[in-house]
Amino acid sequence: DRQVYVGRPDVKGREAILRVHAKGKPMASEVDLKVVAQTTAGFTGADLANLLNEAALLTARDGKKKIDMAEIQKALIKIGVGTEKKTRVISEKEKYITAYHEGGHAILFEVLSELDPVHSISIIPTGMAGGYTMPLPGEDRMYMTKMMMEQEIISLLGGRAAEELVIKDITTGASEDIRRATGIAKAMVTKYGMSANMGMVTYGDEQDEVFIGRDLAHSRGFSETTAAAIDREVKEIIDECYVKAKASIQAHSYVLEHCAQLLLEKEKIGRTEFEKLFEEEKNAAASGGIVQNSEEKK
């Protein structure tokens, strides 16, 4: 009748856990477990054990004698996003669309003040996705602010915004992004009291019934009128964030174009190459300057 809550480890805890699971594994001298701990915010002990086990397997497959940082990064991508499917054949048109889609996400991760910076960008099919943009976690967070959540939505809509701006059409590739963005917006309105119109009220029951037919038996606890108002608020948040996403991407069209070109050429780029594009854009626009979104990083 007693429940014990075991929270996720902080950065020091993750480093200690990594050291335990690194014992007996041949590690290259370059491997810094403190850095690995900093880049695995939110990982549980089991996740960290899985990370080093995957890195060991990848090391063996690549014919290496010791686990290095490159193999740990590959394992991190596999656990966080999925396995890269380099043998999957995709058309040049799909590569082109994916390159701009991921470029749109990457720009917003880089320029929005509350988000973690970009770590790597890829157009290699991974898991169920056509590519990925992986941020570099900066610190452990106990809670999210309203601005963080809004910017998270903006970044999720960056791929769709880039598609619309560049190819003048939209694809099904943004379906998961839209689902996640909608979930965040709905939580802001119904759970966290972040909507001025709906007020500081929780709408809905927090109990999670664990039986088949839960949705049929679940009592909503508010009227149809309130439900319609919630729907309007959620849509308004999404619409406003989409406008901001398009504006930021348009302001950095140079980066979008050259990021897409690099991805089509290399299929995957890292933080250093991506940051360099912003420097090039800044130099190219030095005479007139670039007007940045008010929420962009200073």
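**Aromatic pairs and positive phi angles**

Y203 is buried, with a relative accessible area of 17% (buried is under 20% relative accessible area, exposed over 50%, partly exposed in between; 1.4 Å probe, protein chains only). The model is predicted: local features need pLDDT of at least 70, side-chain atom pairs count only at pLDDT 80 or more, and totals for chains, interfaces and linings use all residues. Residues are numbered from 1 along each chain as its sequence is written, and side-chain values use heavy atoms, without hydrogens and water.

Rings of Phe, Tyr and Trp (its six-membered ring) were paired if their centres lie within 6.5 Å, with planes under 30 degrees apart taken as stacked, over 60 as edge-to-face and the rest as tilted. This rule gives three aromatic pairs. One of them joins Y203 and F222 edge-to-face, at 5.9 Å centre to centre and 90 degrees between the planes. Y203 lies in the loop between α8 (175-190) and α9 (214-217), and F222 in the loop between α9 and α10 (224-251), so the pair ties together parts 19 residues apart in sequence. Helices (H or I, at least four residues) and strands (E, at least two) are DSSP runs, numbered from the N terminus. F222 is partly exposed, at 21% relative accessibility.

F274 and F278 form an edge-to-face pair, at 5.3 Å centre to centre and 85 degrees between the planes. They are four residues apart in helix α12 (residues 271-284), about one helical turn. F274 and F278 are buried.

K168 is not a glycine, yet has a positive phi of about 60 degrees. K168 sits in the loop between α7 (158-166) and α8. It is exposed, at 66% relative accessibility. E267, also not a glycine, has a positive phi of about 75 degrees. E267 occupies the loop between α11 (253-266) and β3 (268-270). E267 is partly exposed, at 30% relative accessibility.
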